[in-house]
Amino acid sequence: MTSNWNDMHFDILKEIGNIGSGNAVTSLAKMLNRKVDMFVPNVNLVEFKDVADFIGGPESTIVGILVSISGDITGIMMFLMKMESAHALVEIVMNGMETSEVWFNEIELSALQEIGNIMVSSYFTSLAGLTSKSFIPSIPYLSIDMANAILSVPAIEFGKVSDRALFIETSFAVDQVNVGGYFVLVPDMPSFKTILSALGVE
Amino acid sequence: MAGNMIIVGMADLNVTKSPGALTTLGLGSCVGIALYDPHSKIAGLAHIMLPDSTQIANRSNLAKFADTAMKKMIDDMVRIGARKEAMKAKIAGGAQMFAFNSTNDNMRIGDRNVEATLKLLRQYNIPLLAKETGADFGRTVELYAEDGRFLIKTIGHGNRVL
């Protein structure tokens with residue numbers, strides 16, 4: 001299994017995606033201490049060249065949070081948001097304080113970083129629970145730039161083994177305000193094997 | 001944007017003649033390699049993701065790697081009338097999008113893509129006229145076959161012509 005993944009491998013990744021993103025939204029709701037309605041996530045295997053089209057096009061400005069993972073499983077995980085969602089979430093977190101309309105100030109940037117951190121960490125907590133493996137997440141790194149430029153980071157990492165990525169679109173409503181984000185999961189090849197065998201496949 | 005602008009995707013390449021133009025959107029750690037023959041006014045643009053195809057098992061897409069993309073692009077340009085000896089190069093991209101403080105080689109992929117590209121240009125003896133690489137932001141580029149003009153657009157870091 002060096003370069004060819006079959007449908008069963010992808011089905012397993014998809015299921016992990018479902019569980020992980022559900023956990024992530026639950027954690028966010030706890031942090032916000034608000035009622036959060038979650039919609040069924042959209043889990044897809046997308047060719048990297050098409051990923052940007054899901055987030056508004058290759059040149060659209062998006063917020064990307066990246067966490068690198070070490071431990072039993074290594075790789076990178078990203079949480080992406082469109083600018084509208086990022087602004088809406090910042091507004092909720094800042095709880096009535098005045099917020100920036102176009103770009104973000106320092107406090108808003110760290111709020112975004114923390115939102116991304118919670119989403120990614122809780123995703124990995126559920127993955128750790130499923131596989132009984134340990135993960136050590138890095139601090140969250142933030143970048144706001146063109147979708148393609150941000151996506152080049154996981155695309156390159158994944159590009160060594162596959163032209164497809166596990167892409168999870170998660171949407172939820174906080175006090176009737178619809179927001180959403182996207183997980184991109186990129187385990188490296190040996191880690192993917194570890195995940196599969198921990199789940200009893202192969 | 002001109003009507004005859006050809007979009008080059010990620011891990012993709014294309015060539016065109018004047019008055020055509022080529023663009024690739026949102027280069028991050030990837031590198032955009034622009035080749036241009038001023039005599040025949042033929043241009044080629046590649047959006048490479050990785051420095052070296054020989055390190056990778058899955059290498060079916062030639063445009064994904066600096067080495068195989070460069071060779072294919074030169075061949076494709078020659079096929080429509082360009083001369084390798086006349087070709088000039090401009091490159092952009094190779095950013096580090098996230099501020100890792102990491103010694104992990106994988107995370108320095110932008111630098112490695114740029115280094116590999118420069119090395120290949122020396123091997124093929126193609127002079128580098130200009131480059132805008134590194135830093136931590138994305139770049140969209142446009143290459144005009146009419147005069148080899150290489151336009152770089154960014155979000156929040158200005159636009160310029162190389």
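Which residues of H3(A) are buried? In the predicted model examined here, the buried residues of this helix are A:Ser85, A:Ala86, A:His87, A:Leu89, A:Val90 and A:Ile92. Helix H3 of chain A comprises twelve residues, 83-94, and its first and last C-alpha atoms lie 16 Å apart, close to the 16 Å expected at 1.5 Å a residue. Just after H3(A), the backbone at A:Asn95 adopts a positive phi of about 50 degrees.

The C-alpha trace of chain A extends over about 55 × 35 × 30 Å along its principal axes, and 46% of the 202 residues of the chain are buried. Of the contacts in chain A that link residues at least 6 apart in sequence, 73% are formed between residues at least 24 apart.

In chain B, strand E3 (residues 21-27) has seven of its seven residues buried, so this strand is largely enclosed by the rest of the structure. Strand E8 (residues 139-144) of chain B pairs with E3(B) through five bridges in the antiparallel sense, and B:Leu27 is found opposite B:Arg139 of E8(B).

Helix H1 of chain B, formed by residues 66-79, has 14 residues and spans 20 Å between its first and last C-alpha atoms, close to the 20 Å expected at 1.5 Å a residue. Buried positions in H1(B) are B:Ala66, B:Asp67, B:Thr68, B:Ala69, B:Met70, B:Met73 and B:Met77. The elements of chain B against which the buried residues of H1(B) pack are strand E2 (12-17), strand E4 (31-37), strand E5 (42-48) and helix H2 (109-124). H1(B) is followed by B:Gly81, at which phi is positive and near 120 degrees.

The largest nonpolar core contains 110 residues, of which A:Met77, B:Ile33, B:Ala34, B:Leu35, B:Ala43 and B:Ile48 touch the most other members. The element that gives the most to this core is helix H4 (residues 106-131) of chain A, with nine residues. When residues up to four places away in sequence are not counted, B:Ile48 touches B:Cys30, B:Val31, B:Ile33, B:Ala63, B:Lys64, B:Phe65, B:Ala66, B:Ala69 and B:Asn113; among these, B:Ala66 and B:Ala69 are buried residues of H1(B).

Between the two chains, 24 residues of chain A are in contact with 26 residues of chain B. On the side of chain A that touches chain B, at least two residues each are supplied by helix H2 (48-54), strand E3 (61-71), strand E6 (141-146) and helix H5 (147-159) of chain A. H5(A) gives the most to this side, with ten residues. By residue class, the side of chain A that touches chain B consists of twelve nonpolar, seven polar and five charged residues.

Conventions. Residues numbered from 1 in each chain as written. Chains lettered and ligands numbered in written order. Predicted model: local features only at pLDDT ≥ 70, side-chain atom pairs only at ≥ 80, totals over all residues. Buried ≥ 20, exposed ≤ 12 C-beta atoms within 10 Å, placed from the backbone. Contact = placed C-beta atoms within 7 Å. Helix = DSSP H or I, 4+ residues; strand = E, 2+ residues; numbered from the N terminus. Pairing = 2+ DSSP bridges. Expected span 1.5 Å × (residues − 1). Nonpolar A, V, L, I, M, F, W, Y, C, P; charged D, E, K, R; others polar. Core = buried A, V, L, I, M, F, W, Y, C linked by C-beta atoms within 7 Å.
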